[in-house]
Amino acid sequence: MHPILNDKRLVAFDLDGTLIDSVPDLAVAVQLTLGKLDLPLPTEERVRDWVGNGAPVLVERALTWALGHPPEENFQARALDTFMEYYAAAPNALTTLYPGVKQALEALHRAGFTFALITNKPEQFIKPILEHFGLLEWFSLWVGGDTLAEKKPSPLPLLYIAKACNVAPSECLMVGDSRHDIEAGKAAGFATLALPYGYNHGAPIELSQPDVVLSSLLALLEPETEQAYAQ
Ligand SMILES: O=C(O)COP(=O)(O)O
Ligand SMILES: [Mg+2]
């Protein structure tokens with residue numbers, strides 16, 4: 001196992017941009033929402049840079065872009081409801097697991113690590129998505145962006161998970177793709193591992209100075225195992 005896992009008992013994974021490439025479905029839901037409001041439609045690439053702070057902020061960014069100014073509160077609330085309906089109708093139509101995720105999780109689970117999921121995505125989507133990709137049984141606990149009073153980059157969800165699993169923060173690793181994951185991990189006293197393939201508002205994740213950056217979750221495993229899976 002990678003040395004970052006020494007003395008670790010719990011691995012907390014971010015979801016979007018870390019385990020799953022969800023932007024294609026998020027972009028469709030944003031486009032359908034704006035289309036319904038007769039507003040201009042953003043490309044998937046543009047939506048990619050808006051993901052990371054949860055659904056309300058995603059919708060706010062999309063409306064601000066389409067209107068040319070920040071939306072009024074009621075208008076934004078209605079658009080958020082519409083977005084949630086569209087996304088709930090098809091959260092897995094175009095979404096894919098990143099390469100190596102399933103194999104790495106399987107190996108880490110077999111090695112005895114406890115898993116938690118800490119996402120800014122609304123909680124209602126977590127279970128259906130984990131179930132769809134066959135990951136649900138491995139996760140002991142999860143929190144969404146609307147589960148607690150604060151979401152990442154606040155350390156609150158991470159500290160909540162550590163406490164609920166009866167594990168000290170120093171025995172936890174936060175794995176994520178965005179500066180919000182790394183910031184939250186550092187503030188919570190977790191070790192931090194970043195994956196550079198996800199969504200970080202278009203910026204390199206190295207700028208957040210995570211403890212480790214790996215090209216894939218497979219790189220957490222023994223080099224022999226990593227090679228066997230890569231073939
Ligand atoms: O829903 C988002 O904006 C981001 O979700 P994540 O925290 O799983 O990356
Ligand atoms: Mg993410």
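**Close-up views of a predicted model**

**View 1. Surroundings of D14.** Leaving aside neighbours within four places in sequence, D14 is in contact with I118, T119, V175, G176, D177 and D181 in this predicted model. The residue is found in the loop between β1 and β2 (20-21), and because 29 C-beta neighbours fall inside 10 Å, D14 counts as buried.

**View 2. The annotated positions D14, D16 and D177.** In the UniProt record, an unreviewed entry, the annotation "binding site" covers D14, D16 and D177. They span 164 residues in sequence, yet no two of their C-alpha atoms are more than 8.1 Å apart, so these positions gather at one spot. D16 has its place in the loop between β1 and β2, and with 24 C-beta neighbours inside 10 Å D16 counts as buried. Apart from neighbours within four places in sequence, the contacts of D16 are S22, V51, T119, K121 and Y199.

**View 3. The shell around ligand 1.** Of the 13 residues around ligand 1, those that come nearest are L15, D16, T119, N120 and K121. Sorted by class, this shell has 3 nonpolar, 7 polar and 3 charged residues. Both domain 1 (3-22 + 95-230) and domain 2 (23-89) contribute to the shell around ligand 1, with at least three residues drawn from each.

View 4. In soluble globular proteins, nonpolar side chains tend to be buried together. Here the largest nonpolar core has 40 residues, and those with the most contacts inside it are A12, A104, L158, L173, M174 and F190. Two or more residues are given to this core by each of the elements β1 (10-13), α5 (101-110), β4 (114-118), β5 (139-143), α7 (156-164), β6 (172-176), α8 and β7 (191-194), and α5 gives the most, with 5 residues. Not counting residues up to four places away in sequence, L173 touches I4, L5, K8, V11, A12, F190, A191 and L193. A second, separate core of 20 residues includes V23, L26, L58 and Y199.

**View 5. R179 in helix α8.** R179 lies in helix α8 (residues 179-188) and is buried, with 21 other C-beta atoms within 10 Å, where the cut-off for a buried residue is 20 or more. When residues up to four places away in sequence are not counted, R179 touches N200 and S208. The C-alpha atoms of R179 and I118, which are 61 residues apart along the chain, are separated by 14 Å.

Note on methods
Residues numbered from 1 in each chain as written. Chains lettered and ligands numbered in written order. Predicted model: local features only at pLDDT ≥ 70, side-chain atom pairs only at ≥ 80, totals over all residues. Near = placed C-beta within 6 Å. Nonpolar A, V, L, I, M, F, W, Y, C, P; charged D, E, K, R; others polar. Domains from an automatic or database assignment. Helix = DSSP H or I, 4+ residues; strand = E, 2+ residues; numbered from the N terminus. Buried ≥ 20, exposed ≤ 12 C-beta atoms within 10 Å, placed from the backbone. Contact = placed C-beta atoms within 7 Å. Core = buried A, V, L, I, M, F, W, Y, C linked by C-beta atoms within 7 Å. UniProt positions renumbered as here; feature names shortened; annotations may be inferred.
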